[in-house]
Amino acid sequence: MTLTTDNNGTSYVLRYFDVQGYGETIRMLLTFLKVDWCEELPDWPEEKENQPFGHLPVLVEKNANGEVTFVLSESQAIERYLARKYCLMPTDLQQAARQEQLRDQLIGVLKYHFEYCKATGARKEILVDKYTEDASKLAAVHAQALRDNGNNGHYIGDKTSYIDIAAYAFFKFFRSEGPRALEKKLKLFEPENAPEIAKLNATIEADEDLAPYFASSANSTRPTTLFK
Ligand SMILES: N[C@@H](CCC(=O)N[C@@H](CS)C(=O)NCC(=O)O)C(=O)O
């Protein structure tokens, strides 16, 4: 699918850190939607108090005159705002809710990883168990969803959707080096255990609307999180 977006001069700034974290799906969406956008890496923590809720990502929308018309924080609100605004989210409430349900499962597992990075001692062990339980369910449920759609590399229909992009970003995160502390033993999302996910990854990487995303070396080398 080749999207053409009439933006009426609208442009966006994605304010975030140079990590995948909560921002990679937003980067992919902004690219896929062919909107005018750029990244801003704020000085931190100096700029913290100037954000709507003290953390990032933040999306800043500007009109054709460059005036700020909208400022939005919370990664999930940002993703869904963009997906709805540019008709990437179904208008059918149940279909949209299903995509959001799948997305929230991904976010839940991602949060275990972030917490694991910061945790110490016994809490780390608890988080390994929590991650293992939910990531195992996620791998099974998402593989089934992909099979239910004919294992064509998409969750819904035969075109790239919001959940396709969010899932690609999630699986990219867990293929990266850092998160392997949790994932490397399980290999839940590796091709040998999840051929449906491998098919999704290959399909998204072949989508011409995402070619600029994959052509950028920044996107292929970006660290996963702020935590070491
Ligand atoms: N619920 C928020 C969480 C955002 C969040 O935790 N952001 C972190 C970076 S990934 C942050 O801003 N950390 C710096 C800080 O809080 O000072 C979202 O989904 O956007």
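This is a predicted model: local features need pLDDT of at least 70, side-chain atom pairs count only at pLDDT 80 or more; totals for chains, interfaces and linings use all residues.
Figure 1. Strands β3 (residues 58-62) and β4 (residues 68-73) run antiparallel and are joined by five bridges. Val60 has Val71 of β4 as its bridge partner. Five residues lie between the two strands of this hairpin, in which Gly66 adopts a positive phi near 80 degrees.

**Figure 2. Residues around the ligand.** Trp44 places a polar side-chain atom 3.0 Å from an oxygen atom of the ligand. For Ser75, an N or O atom of the side chain is 2.7 Å from a ligand oxygen atom.

**Figure 3. The largest pocket and its lining.** The volume of the largest pocket is about 460 Å³. Its lining comprises 21 residues, and those nearest the centre of the pocket are Tyr16, Tyr22, His55, Leu56 and Phe114. Helices α2 (75-85) and α3 (93-118) are the elements that contribute two or more residues to this lining. The greatest contribution is that of α3, with five residues. Classified by residue type, the lining has 11 nonpolar, six polar and four charged residues.

**Figure 4. Position of the largest pocket relative to the domains.** Residues of both domain 1 (11-85) and domain 2 (93-220) line the largest pocket, which therefore lies between the two domains.

Technical notes:
Residues are numbered from 1 along each chain as its sequence is written. Side-chain values use heavy atoms; hydrogens and water are left out. On a 1 Å grid over the protein atoms alone, a cavity is a set of points where a 1.4 Å probe fits but cannot get out, and a pocket is an open set with protein on both sides within 12 Å along at least five of seven lines; lining residues have an atom within 4 Å of a point. Grid points are joined across faces, edges and corners, and a volume is the space filled by probe spheres set on the points. Helices (H or I, at least four residues) and strands (E, at least two) are DSSP runs, numbered from the N terminus. Ala, Val, Leu, Ile, Met, Phe, Trp, Tyr, Cys and Pro count as nonpolar, Asp, Glu, Lys and Arg as charged, and the others, Gly among them, as polar. Domain bounds come from an automatic or database domain assignment. Two strands pair if DSSP finds at least two bridges between them. A residue is near a molecule or strand if one of its heavy atoms lies within 4 Å of it. A polar contact is a pair of N or O atoms within 3.5 Å; within protein, one must be able to donate a hydrogen and the other to accept it, and residues adjacent in sequence count only if both atoms are side-chain atoms.
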